[in-house]
Amino acid sequence: MTSSMSFRALSSSSYSTNTSPWLYDAFLSFRGEDTRNTFIAHLHHALLQNGIHTYIDEDELRRGDEISPALLQAIENSRLSIIVLSENYASSTWCLDELLNILNLRNQRGNFGKALAVCVGKFNEDVKKVQRWKAALQEVANLAGYELENGNESKFIREIVQEVSRIVNYSYLYVSKYLVGMESRVQDIDLLLSIGMNDIHMMGIFGVGGIGKTTIAKRIYNSIFLQFDGHCFLKNVRETSNQVGGLVQMQNTLLNEILKASKCFDVGNVDRGVYELKRRLCSRRVLLILDDVDELVQLETLAGDRDWFGLGSRIIVDSKYEVKKLDHNEVLELFSWHAFEENKPIEDYVELSNQVIQYAEGLPLALTVLGSDLRGQSINQWRSVLDKYKRIPSKNIQEVLCLSYDGLDDNEKEIFLDIAFFFKGQHLDYVVKILDSCGFSPDNGIKRLIEKCLITITIHNTLWMHDLLQDMGRKIVRKESCKEPGARSRLWFHEDVRYVLEENAGTNNFEGIKVDLPEGHDHDMIRLSPKAFAKMKRLRFFISHNARFSGRSLDYLSNEFRVLDWSNCPLQSFPSNFRGEKLIDFKMYRGRIKEISGQFKSLTVMEFSECKFLTKIPDLSSCSNLKELHISKCKNLVKVHDSIGFLEKLVRLSLNDCSSLKSFPRCLKLRSLEDFVLWHCKKLRNFPEIKCKMERLSCIILLFTAIKELPSSIGCLTPALNALCLRSCTKLMHLPSSIHHLQNLKESCLGDCINVEIEELASSINGCFTGIEELSTEDYMNPMRLPISISHLQHLKILYLDNYRNLAIEEIRSSIGHLTGLKKLHPTTSKMIKRFELESSDELLLSSLYWYLDDSSFYCSSTLQELDLSWSAIVSLPPSIKRFVELRILRLLHCEKLQEILHIPPNIQELYASECFSLERFPEVSTKFQFHTSCGLRDLRWIDLSGCHKLLANIGSQVPNPLVVEEHIQDYSCGIIFPGNKIPDWFSHTKEPSNRD
């Protein structure tokens, strides 16, 4: 039996919400008599258990030769198809018709789908007699895939489910339920984007607030993001950039979302962020949408130029393309959907509806809020609302929206204002916990705000509010006391904050203060007197991220605090009255605090950073609810109290760059702990004993510490532990034998542990870490042998052979053939080696590489998808490389001795061969770019031959048929970077640059 599984990623333009455009995640195609009650039953159950909505035809008795309309509809409405080819599959006309429909649909959707074949047996030779479906079966045979002969079916199904989950779990952005009038705007932008062309487009969307720019951008993103190698919708650029470190934060977000790397990026500063973005994204086809950009510096640091991105990329910024307002019919329809849940007004409400929409000025936001507010009300109630609208001068849209706020009860109003001032963009669970502790009813209140369209919940479960509604909330509070800021309930405008704090003008009305200074301007320090907070008995929130303060002591701080998040806090200690019993979130950055005191029994998050006067973390045994403790860059911190080791609810514990830390809890009994980080604590010598089973702990990072040994109790950290990093622990002498118990590790860093002999290291971990998925020899500085035997790493998917000049190449050569699941191989020569300088170890690696590619060894040829031979001394690729049928990406950059490429994998999609100065012959690509249909590289869509000057004479020397050229160009079938500096004469699709270009 043989079976293959085809995964299709489709581009749809027929949906308007955040829900998937498909009814089913997966469609199962199979021969019932072969696999229904065995393999298919197990696979179907596993898919459902993992939340994958799967269509399976339950009709065992199929009558007639025609495939049913219901089945055709199910194929059409499924995101991907799983085709299980079994022994008798090809003998069923029904199955083969099903297969034809799946493949036809796949081909219609474009070349950005992905396929995977799954084999569970031997293919029936009688299939050759079935001529009608021969082409379809051949296409399936060429699909990438897994194979199961007599292997572990449970493990095999688990791998399938993981891959399906990876594809179907892409998140769609939430888009409003009713998108009246938006489709034509989206289509206008679609035309300008020219999706499919292999160039780079940057464009903008322009319009007033509330007109629907973000909605249009989300709608476009949802419809096309699956066509790109990486994608990111970066929201709230304006707001985030005004925060301290906001630009760096967004650069990190771009890298992490687009690259989906196993380790999170932290570029550290804007300049390095620009460098990393350009370096890492320049060869990727990227979709990037920057939402709410209002300054040039934001664009310059996030998407500075086209050459930051690979060909085929699309970058959208709301800046230049004007969005047309809705016309009257569209306005009426959108309003009707929200007011009546129909596409037009109820008969008795037509005239009233026309009067209401006059006040919305064509803005979708206003139509949404007003319609939701009036839904279900009587005609008399509508007339009463209209009377209020008429009293609003000049139809001020915020005043109109304010009437929706007026319909809330007191509890709901308080929640709305707290969100508008303090919690926009925060995680829902966090906000609910804070508001609940304040005595509100957040579950019901937030639900009511959502119903009235005053807030939304994003796909990341964060609270969101439109800028117009946030501004409305601020104006509502300002009206509490227009002339005296100290009499208001909440403050955010920096000049008002300065006045109240410096003039001791606060009152008992105060519930929250957020200091938000405009970035890019020098601001004077806010001078605090000891009595600055003395009258603020009800203060629940104080948040300041970018202001500077003077004054070393306060006489009073509110005990009603739920959030105290204070950067540059000038206090050396807290006032004697302060207990902090209601405090939930406690953060201080770059402060002068020397001593932490309080009874923080409600505290869940504590974070101190760059507090250079802090010398110890005190007894926190009262913090029984603490879940996160983060201490970083506290250079003079020496001691962490033993009580930290016994906080039962602690989930994350990290101490980073505390270079003076010497004393750490001797024991850990943290049953809830998931992440444990000690990074750059260079004086810390002892690792604590593990005193209980910590079954949730998944990650331990001990970088650049002075730890001498790990306790034998480290072996208790199973089964969840999957990452252990000991890099640059230069004092580490040996590893305990109990480390053998850590069998579920997928990531391990043991580099630069210079006091551990390589032989001892190898002996200590022999047989361990068999679950590792990624390995780089860069972790081991110039070793003569690897401490981990590659042959034992059955789950290894990515292998980097860096710093190999002193490696025992024979060890790699004898082991690499066992890596049957390898996906990416990078036997990369150091770029620091001088050009044309070839050392003996490079010769050894080269011979090993030829051995790997040779006919005698094809262990990985059925799995390897990416091969990087850049900077190597390879002269030509051997014929055996054609057996690498799964290979999609081949990198040969700076192979300066490469003379010819006579053989290439059959399903290659991308080939990078820039700066191969000696390359003269490449027959397949020459044929490809004479646009002959006989070229076998039908999947090849991108070739980089820049700098291959000797090859120039052999490419495009024959003038192709212009009609065939036109056909290929219209099909967007492939892109090429030609060597040289001249466009071939026969290429007529050119344009002289104008002064505007």
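**Stop one: the sheet**

Start with the open sheet of three strands, ordered β2-β1-β3 and paired in parallel. Strands here are DSSP runs (E, at least two residues), as helices are (H or I, at least four), numbered from the N terminus; two strands pair if DSSP finds at least two bridges between them. Select β2 (54-55) and β3 (78-83): these are the edge strands, each pairing on one side only. Before moving on, know that this is a predicted model, where local features need pLDDT of at least 70, side-chain atom pairs count only at pLDDT 80 or more, and totals for chains, interfaces and linings use all residues. Residues are numbered from 1 along each chain as its sequence is written, and side-chain values use heavy atoms, with hydrogens and water left out.

Now pick β1 (residues 24-29), which runs parallel to β3 and is joined to β3 by five bridges. Click A26 and you'll find L80 of β3 opposite.

**Stop two: a helix crossing**

Jump to α18 (residues 410-423) and α21 (residues 467-478), whose axes come within 9 Å and cross at roughly 110 degrees. Which residues of α18 and α21 meet? Show F416, L417, A420 and F421 in α18, then L469, Q470, M472, G473, R474, I476 and V477 in α21.

Conventions: Axes are lines fitted to C-alpha atoms, for helices over the stretch in contact, and angles run from 0 to 180 degrees between N-to-C directions. Contact means heavy atoms within 4.5 Å.
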